[in-house]
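Visitor: I would like to learn how to read a structure, feature by feature. Where do we begin?

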Amino acid sequence: MEKRKIGVGFLGLGTVGSGVLEILQMNREQVTRRAGAEIEVRKILVRDPHKKRAVNVNNDLYTSDADEVLDHPEIDVVVEVMGGVDEAKKYVKKALQNKKYVITANKDLMATSGAELMLLAGEYERNIYYEASVGGGIPLIRPLKHSLSGNRISRIIGIINGTTNYILSKMSLENMDFETALAEAQEKGFAEQDPSNDLEGKDAGYKLCILAGLAFNSRVNYEDLYVDGINGIDKRDIAYARELGFTLKLLAIGEEIDGALAPRVHPALVPSTHPLAGVLFENNALYVTGNAVGEVMFFGPGAGALPTGSSIVADLLDVAHEMRCQEEGSVMELHFQDKTIISMDKLHSAFFLRLQAKDQPGVFASLATTFGNENVSLDMIIQKSSTEGQAEIVLVTHEVEEKNFNRAVDKIRDFSYVRRINSIFRVIKT
Ligand SMILES: NC(=O)c1ccc[n+]([C@@H]2O[C@H](COP(=O)([O-])OP(=O)(O)OC[C@H]3O[C@@H](n4cnc5c(N)ncnc54)[C@H](OP(=O)(O)O)[C@@H]3O)[C@@H](O)[C@H]2O)c1
């Protein structure tokens, strides 16, 4: 009997695409056995068909005409690893309309147009797989969709941007300043030449939209997020935080409180004993709290050719399974509900604050009274240094409602003895 074949077309063959092909070549026998079919690459869209590639491919497979992939009668699955939004979206739509399964590594596309594409996939009885779009090689989408689906998930906390985690790890472990750590990340290929999307928290925000959607069974739009990045972080804050037993991380947090959602990205302190504090350099992690499983953490490489390729090959095996079982219309994202978004000032958090004040008697008492009047109680307050009549004060509050903390800070800012409020970070204590 002739062996079954699954025809695959690629949109793009850069870092990730090459990783996928390398895995398909390296693990051919195992992949064929698990898929119950030969995976056969039938066409590859690139910008420049003559460019030298990281993998060996028959030159006839290359094309610079997307329709040769999208209209190919013997391509069952289209793997979109070209990036960008507009063209990628146009091609993915056409692939679905031509009744092809789609696998994508494109977080920007899924965060901005995922709902629309899923609707189209359902209409054409196909499916979109996107395990590689968040966390590179770490399985995150599948666990949220399947393994943890018996749980009510109350919170997810992710370190899902390798660039910022690399910078903060270097600043913390080697006392580097921000600019040096960024330059090193760029030199080692962990940060792009224009790193603004990473530093401003946008990349983590896009990924959070995808993860929070699955965790809370709800559409989460980027515009609903509170997003704050790590630009201008001072290494002194990191050192003081460490002295107090905390580590600074850029966190992507999704939380469901009384049926409403609080999705946000911002730098925050976590206890140095927390599993997220040990997620270093370019690694990523997702910490999930479910009402049955308790707390679980997924950890690993958040990018790279082979790790990301491994997620795409897993998606290919899922497509092979779906084709074999002839499941139809299994797009679970179509059943998402719309949930209310909670505004930041209604959330509860502990805070770390560093300020410069005149070194004079009564400052601690005045700060404690001002916070107390707004129902903010202090966990610790320390004078870190005193030079030329100026004191540097660091304090950490107990958990409080954000609006109360902000009100107290507004008052403190106006006190004549306060020179400057240097920094404020949220503290995640558990
Ligand atoms: N790199 C990672 O570690 C990683 C991890 C997770 C997710 N992702 C996502 O995976 C996707 C691909 O990333 P990558 O790092 O592999 O990108 P890349 O190295 O820049 O490769 C992009 C590929 O797409 C082709 N391409 C781009 N635009 C095209 C167009 N308009 N027409 C035809 N071909 C086009 C390029 O062709 P040429 O080679 O001819 O220029 C290249 O082969 C992105 O969505 C990215 O966010 C990447």
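Visitor: Which helix gives the largest share of the shell around the ligand?

Guide: Helix 1 (residues 15-26), with 3 residues. Helices are DSSP runs (H or I, at least four residues), numbered from the N terminus. This is a predicted model: local features need pLDDT of at least 70, side-chain atom pairs count only at pLDDT 80 or more, and totals for chains, interfaces and linings use all residues. Residues are numbered from 1 along each chain as its sequence is written.

Visitor: How many residues surround the ligand?

Guide: A residue is near a molecule if its C-beta atom, placed from the backbone, lies within 6 Å of it. Here 23 residues surround the ligand. The closest are G12, G14, G83, A105 and A303.

Visitor: How does the shell divide into nonpolar, polar and charged residues?

Guide: Ala, Val, Leu, Ile, Met, Phe, Trp, Tyr, Cys and Pro count as nonpolar; Asp, Glu, Lys and Arg as charged; the others, Gly among them, as polar. The shell around the ligand holds 9 nonpolar, 9 polar and 5 charged residues.

Visitor: Is A212 buried or exposed?

Guide: Buried means 20 or more other C-beta atoms within 10 Å, exposed 12 or fewer, partly exposed in between; C-beta atoms are placed from the backbone. A212 is buried, because 29 other C-beta atoms lie within 10 Å. A212 sits in helix 10.

Visitor: What is A212 in contact with, beyond its neighbours within four places in sequence?

Guide: Contact means C-beta atoms, placed from the backbone, within 7 Å. A212 contacts I156, V220, G254, L261 and P263, with those sequence neighbours left aside. A212 and L144 are 68 residues apart in sequence, yet 9.4 Å apart in space, C-alpha to C-alpha.

Notes. Helices (H or I, at least four residues) and strands (E, at least two) are DSSP runs, numbered from the N terminus. Two residues are in contact if their C-beta atoms, placed from the backbone, lie within 7 Å.
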